[in-house]
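Please open the model in your viewer and keep the selection panel at hand. We will go from one stop to the next, with a note on what to select each time.

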Amino acid sequence: SAANHVRIVEVGARDGLQNEKTLLPADVKIALIDRLSSTGLTTIEATSFVSPKWVPQLADAAEVFAGIRKVPGVSYPVLVPNLQGYERARAVGATEVAVFSAASEAFNRKNINASIDESIERFLPVLERASADGVKVRGYVSTVLGCPYQGDVPVADVVRVAQRLHAAGCYEISLGDTIGVGTPAKARAMLRAVAAEVPMGALAVHFHDTYGQALANILACLEEGVRVVDSAVSGTGGCPYAKGATGNVASEDVVYMLHGMGMHTGVDLDLLVATGAWLAAQLHKETASRVTRARTAA
Ligand code: HMG
Ligand code: MG
């Protein structure tokens with residue numbers, strides 16, 4: 001049943017690689033996404049059409065997007081910060097995009113050089129064009145449980161930004177703990193407050209695991225009713241404009257937990273673990289996924 005199914009939004013090829021010191025060549029990124037496409041994942045964020053000066057790691061967005069195998073039934077959303085990004089994404093055939101703002105003014109300024117209001121103003125023409133083009137738009141709200149520059153973020157600010165993005169036409173709002181400082185009771189209270197204004201079915205959660213709280217936070221949010229979870233294979237990730245943020249929660253660990261709870265994801269855990277181990281080798285670093293470490297230990 002729907003209550004038992006969780007959709008994983010795999011963000012490893014985007015969030016996972018945007019902050020890596022090791023620059024992977026486009027063909028390795030393409031191989032990563034193609035591997036992910038065979039695991040049963042149905043949403044695989046592919047890259048970002050942001051300024052290459054701001055995120056050089058993803059300067060090859062067009063080449064990567066054009067090169068991946070588009071498996072029927074799988075969506076390959078890409079981040080776009082403005083109309084210019086949208087046009088670059090459309091030029092290579094993207095059919096789903098994501099816009100991104102934050103609940104904190106200070107973070108938004110550092111990340112996209114705009115106030116929250118200015119960022120939403122910029123998204124309106126993107127949403128208009130997307131609607132005319134039949135392109136789905138996801139919306140991210142960052143810093144929902146804390147900001148690296150301003151500290152505490154009032155829940156009311158999260159609710160307001162989420163509500164505005166939803167009202168503007170985003171079909172789903174992903175609530176991001178960008179710096180991984182949240183704890184379960186706070187995560188639950190934040191989600192509950194947002195869900196009073198935006199339907200739970202249109203919400204997703206996005207936890208970075210800096211303080212090791214991500215799985216606990218996800219569990220609290222599942223209990224609250226959320227059924228879409230963002231995660232990154234091998235636990236890669238981080239935002240270059242969020243000091244001290246570490247990787248996303250590992251997809252392998254999320255899938256292991258969900259399957260252990262009797263929930264369905266459609267994802268083949270063995271294939272995901274193999275992909276995570278392969279990616280860690282490409283990045284010359286140990287995987288951050290506990291499941292992949294356990295399954296691949298000699
Ligand atoms: P700006 O410098 O204010 O932009 O940056 P601008 O409009 O003044 O343009 C400056 C230059 O950038 C111009 O080039 C533009 O053409 C170019 P120049 O004339 O100097 O040669 N430019 C672009 N080039 C390619 N693609 C574009 C584009 N737009 C402008 N789309 C801007 C503003 C938004 C562009 C910049 O701040 C930016 O790209 N920021 C992106 C930062 C980013 O990607 N952060 C990580 C993603 S968010 C995240 O990770 C959080 C999340 O995971 C959730 C969570 O964890 O909370 C989603
Ligand atoms: Mg993130």
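For the first stop, a residue counts as near a molecule or strand if its C-beta atom, placed from the backbone, lies within 6 Å of it. This is a predicted model, in which local features need pLDDT of at least 70 and side-chain atom pairs count only at pLDDT 80 or more, while totals for chains, interfaces and linings use all residues. Residues are numbered from 1 along each chain as its sequence is written, and chains are lettered from A and ligands numbered from 1 in the order in which they are written.

**Stop 1: the ligand**

Select ligand 1 and its surroundings: 26 residues surround it, and the closest are Val50, Gly85, Ser142, Gly176 and Thr178. Helices (H or I, at least four residues) and strands (E, at least two) are DSSP runs, numbered from the N terminus. Helix H1 (15-18), helix H4 (83-91), H5 and S6 each give two or more residues to this shell. Which element gives the most to the shell around ligand 1? That is H4, with three residues.

**Stop 2: the sheet**

Now show the strands. Two strands pair if DSSP finds at least two bridges between them. Nine strands form an open sheet with parallel pairing, in the order S2-S1-S9-S8-S7-S6-S5-S4-S3. At its edges are strand S2 (43-44) and strand S3 (47-48), each pairing on one side only. Next, pick out strand S5 (residues 96-102) and strand S6 (residues 136-142), which pair in the parallel sense over seven bridges. Click on alanine 98 and look across to S6, where its bridge partner is arginine 138.

**Stop 3: helix H5**

A residue is buried if 20 or more other C-beta atoms lie within 10 Å of its own, exposed if 12 or fewer, and partly exposed in between, with C-beta atoms placed from the backbone. Select helix H5 (residues 105-112) and colour its buried residues, Phe107, Asn108, Asn111 and Ile112. Looking down the axis of H5, you will find them within an arc of 100 degrees, so they line one face of the helix; the arc is that of the directions from the helix axis to the C-beta atoms. Among the elements that cover them are S5, helix H6 (116-133) and S6. Just after H5, asparagine 113 takes a positive phi of about 55 degrees.

**Stop 4: helix H10**

Two residues are in contact if their C-beta atoms, placed from the backbone, lie within 7 Å. Axes are lines fitted to C-alpha atoms, for helices over the stretch in contact, and angles run from 0 to 180 degrees between N-to-C directions. Helix H10 (residues 251-260) lies across strand S1 (7-10) and strand S9 (228-231), at about 175 degrees to S1. Seven of the 10 residues of H10 are buried, so the helix is largely enclosed by the rest of the structure. Those buried residues pack against S1, helix H9 (214-224), S9, helix H11 (269-282) and helix H12 (290-296). After H10 comes glycine 262, with a positive phi near 85 degrees.

**Stop 5: two loop residues**

Most residues other than glycine have a negative phi. Threonine 143 has a positive phi, near 55 degrees, and sits in the loop between S6 and helix H7 (155-167). Is threonine 143 buried or exposed? Threonine 143 is buried, with 30 other C-beta atoms within 10 Å. Move on to histidine 284, in the loop between H11 and H12, where phi is also positive, at about 55 degrees. Histidine 284 is exposed, with 8 other C-beta atoms within 10 Å.
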